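Visitor: I would like to learn how to read the features of this model one at a time, with the rule behind each of them. Could we look at the structure together and begin with a charged side chain?

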Amino acid sequence: GVSVAMISRIAKNLQDYFVNVAIQKAGAKIFTDGIKHTLSLPYFTFEDHRSGETLNVLQKVRTDSEKLITLAINLVYISLVGIVFVFVTSFTVHWLIAPVFLVAMAVVGVSSSLTVI
């Protein structure tokens, strides 16, 4: 019980660390690329803009991108951990449940992707 909780906490901390590092790098890259592009534009492009408007837009893009990356990584991580947990648990209950689970998961995935199209 305690060891499982400790392993879970360590795994969550590692996930948070790596997600934060990836998000900071991606956000900084997006912001830097935006600044470089902005500085390469001709001056008359900014004549109609209020002071700081372009930086505010770039900061919003960076923040929104970081949120999107966080949500995507968390969704993928939770899904993978859930699938592995269900697979291992079903395999320990009876070996035949695990392959049935995988087939059912594939059928649901294919059918849900077909309904979107």
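Guide: Aspartate 64 is partly exposed, because its relative accessibility is 37% and that class lies between buried, under 20% relative accessible area, and exposed, over 50% (1.4 Å probe, protein chains only). Please keep in mind that this is a predicted model, in which local features need pLDDT of at least 70 and side-chain atom pairs count only at pLDDT 80 or more, while totals for chains, interfaces and linings use all residues. Residues are numbered from 1 along each chain as its sequence is written, and side-chain values use heavy atoms, with hydrogens and water left out.

Visitor: With which side chain does aspartate 64 meet in a salt bridge?

Guide: Side chains of opposite charge can pair when their charged atoms come close. The rule applied here asks for a side-chain nitrogen of Lys or Arg within 4 Å of a carboxyl oxygen of Asp or Glu. Aspartate 64 meets lysine 60 in this way, at 2.9 Å from N to O. The two are four residues apart in helix H2, which means that about one helical turn separates them; helices are DSSP runs of H or I with at least four residues, strands are runs of E with at least two, and both are numbered from the N terminus.

Visitor: How many salt bridges does a search of the whole structure find?

Guide: The search finds four, and among them is the bridge of aspartate 16 with lysine 12, whose closest N and O atoms are 3.2 Å apart. These two residues are likewise four apart, in helix H1, so about one helical turn lies between them. Aspartate 16 is partly exposed at 29% relative accessibility, and lysine 12 is partly exposed at 32%.

Visitor: And is arginine 62, as the partner of a salt bridge with glutamate 66, buried or exposed?

Guide: Arginine 62 is buried, because its relative accessible area is 18%, and glutamate 66 is buried as well, at 16%. Their side chains meet at 3.1 Å, N to O, and they are four residues apart in helix H2, about one helical turn. If we take contact to mean heavy atoms within 4.5 Å, and leave aside neighbours within four places in sequence, arginine 62 is in contact with Gln24, Gly27, Ala28 and Phe31.

Visitor: Which residues does threonine 38 touch, not counting those up to four places away in sequence?

Guide: Threonine 38, which lies in helix H1 (residues 2-40), touches Phe46, Thr54 and Leu58 on that count. Threonine 38 counts as buried, because its relative accessibility is 16%. A polar contact is a pair of N or O atoms within 3.5 Å; within protein, one atom must be able to donate a hydrogen and the other to accept it, and residues adjacent in sequence count only if both atoms are side-chain atoms. The side chain of threonine 38 reaches the backbone oxygen of glycine 34 at 2.7 Å, and that of serine 111, in helix H3, reaches the backbone oxygen of valine 108 at 3.1 Å.

Visitor: How should I read the aromatic rings, and to how many aromatic pairs does the count come?

Guide: Rings of Phe, Tyr and Trp (its six-membered ring) pair if their centres lie within 6.5 Å, and planes under 30 degrees apart count as stacked, over 60 as edge-to-face and the rest as tilted. The count comes to two aromatic pairs. Tyrosine 17 and phenylalanine 18 form an edge-to-face pair, with 5.2 Å from centre to centre and 70° between the planes. Phenylalanine 87 and phenylalanine 91 form a stacked pair, at 6.5 Å and 25°, and both lie in helix H2 (residues 53-93), four residues apart, about one turn of the helix. Phenylalanine 87 is partly exposed at 30% relative accessibility, and phenylalanine 91 is partly exposed at 47%.

Visitor: Which residues make the nonpolar surface patch of about 560 Å²?

Guide: Patches are made of residues with over 30% relative accessible area and no salt bridge, like charges being joined within 9 Å and nonpolar side chains (Val, Leu, Ile, Met, Phe, Trp, Tyr) within 5 Å; the areas come from the Shrake-Rupley method with a 1.4 Å probe, and for residues only the protein chains shown count as cover. This patch is made by Met6, Ile10, Leu14, Tyr17 and Phe18. Phenylalanine 18 is exposed, because its relative accessible area is 53%.
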